[in-house]
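Colleague: Before I use these labels, I would like to hear what stands behind them. Could you take me through a few?

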Amino acid sequence: MQRLLICLIVFTCLGVGTWAIDGVKGGHRPRYPTSGSYGTNSSQNGLCRKRVPYSYDGLALNTSGSFYNTIPQSSGDGQPSDGWITILDCCDGYVRNVTNGLCEPQCERGCFGGRCTAPNVCSCPSGWRSEDGVCMPVCSYRCQENAYCFSPEVCVCKLGYDDIGGQCKPICPDGCKQGECVAPRVCNCRQGYVLNERKECVAACEGGCVHGVCSAPGVCTCDEGYTNFLGDTESCVPHCPTNCPHGYCVAPNVCLCRAGYTNTHTGACIPVCPGGCDGGECIAPNSCSCRPGYTRDHHSGKCVPSTTECRYGCGENGRCVGPDLCVCDPGFRINPYTGRCVSPEKDLCQYPCKNGQCTGPNQCTCNRGYTHDDRDSTRSICVPVCADGCPNGVCTLPNFCICYPGFRKEGVKGRQRCVPE
């Protein structure tokens, strides 16, 4: 029974082998290494006869589920023996199509857009050529700059470029105002313009145009409350409608006053007279302009009624009640030399009063024709006054100049001046 089963298998294999040799499609590629091939009479279909090692295991089913198309050689007792057999399989460079069973040429790099007509031979349609397994279009002439061959004899601009007048120009989607589009989404700004964070060309102003907007190269359009100062179009400074006389405009309509001045409720700077200006108006720091009926006291600088014409004034410690007649406050007395009210105590002034009188605690009142020396912080030194000043000389006595070397006096007495010799 066992010998009968073996004979049945052998005859079956012979039938399958004969079927394959008669030109019917053979099985898949064997699992055994190829040792050679005989003839090429079937290679036009991609089929080749190949000799492969044979063993009893060769009768097993192959991966496709079909027997190998082999013609085994039997031993004398009818048992298959090990050795070599001839099979019909796909030639080298061909693979079997699992759908139709045909042996088809194989292109290792592929053949996208074309057809593999022989092993590693990619055949492309007319106007196309094979390049690394891909059929590429052929343009007989060179494409213009920033373009590529899109289809046979047809050039197309690269991504990011547009055909303008036969040239591929870069595209800047938002345009390129005040500049030139030199690459896709890249602007090259004109002189006077720079790229901002949005890659747009905007006007440039030195210093950044604080308190304004740079509206043109080197031109700031100032915010409300600011203005271009003295024709400087690249800067914006605070604006004060009054121009801040005697002060500095530090913010819109805000003045910072100089020493000796103070702000009013309107923001203007006005002079300060610490002792007040009764009967007059403070026109400069510690300087009063008297109204009609009042006259300025040369010693105190205050305005006193002109009807009493106390020539030297009464000082801060008394009042004028008649021509050259002062009434002193309690604790003070009339100075016989000046007619002013002074303290009877001599030690009220820490420093001696030069060219003046101690009229109160640390208060020196200058003699007639003298005034306080601006350089003396103790206000205890009084210096002579020359009405017209003393250019080119030194005022040594009231209205008396001594000229510098190389100058001489000219003019009437009391109104003399120093002129070059």
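Modeller: What follows is a set of questions on labels and the values behind them. This is a predicted model, in which local features need pLDDT of at least 70 and side-chain atom pairs count only at pLDDT 80 or more, while totals for chains, interfaces and linings use all residues. Residues are numbered from 1 along each chain as its sequence is written, and side-chain values use heavy atoms, with hydrogens and water left out.

Colleague: What makes C143 and C155 a disulfide?

Modeller: The rule asks for a pair of cysteine sulfur atoms within 2.5 Å. The S to S distance of C143 and C155 is 2.0 Å, so the pair meets the rule. The torsion about their S-S bond is -80°, a left-handed link. C143 sits in the loop between β9 and β10 and C155 in strand β11 (residues 154-157), so parts 12 residues apart in sequence are tied together. Strands here are DSSP runs of E with at least two residues, numbered from the N terminus.

Colleague: How many disulfides does this rule give?

Modeller: The count comes to 25.

Colleague: Why is C143 called buried?

Modeller: Buried means under 20% relative accessible area, exposed means over 50%, and partly exposed lies in between (1.4 Å probe, protein chains only). C143 has 17%, so it counts as buried.

Colleague: Why is the disulfide of C157 and C168 called left-handed?

Modeller: Because the torsion about the S-S bond of C157 and C168 is about -85°. Their sulfur atoms are 2.1 Å apart. C157 belongs to strand β11 and C168 to strand β13 (residues 167-170), 11 residues apart. Both C157 and C168 are buried.

Colleague: How do you know that C176 and C187 are buried?

Modeller: C176 has 16% relative accessibility, so it counts as buried. C187, at 11%, is therefore buried as well. A disulfide joins C176 to C187, with 2.1 Å from S to S.

Colleague: Which residues make up the largest nonpolar core?

Modeller: A nonpolar core is a set of buried Ala, Val, Leu, Ile, Met, Phe, Trp, Tyr and Cys residues joined through side-chain atoms within 4.5 Å. The largest has 8 residues: C172, C176, C181, C187, C189, Y193, C201 and A203.

Colleague: What makes N146 partly exposed?

Modeller: N146 has 23% relative accessibility, so it counts as partly exposed. N146 lies in the loop between β9 (134-137) and β10 (147-151). Its phi is positive, about 65°, although N146 is not a glycine.

Notes
Helices (H or I, at least four residues) and strands (E, at least two) are DSSP runs, numbered from the N terminus.
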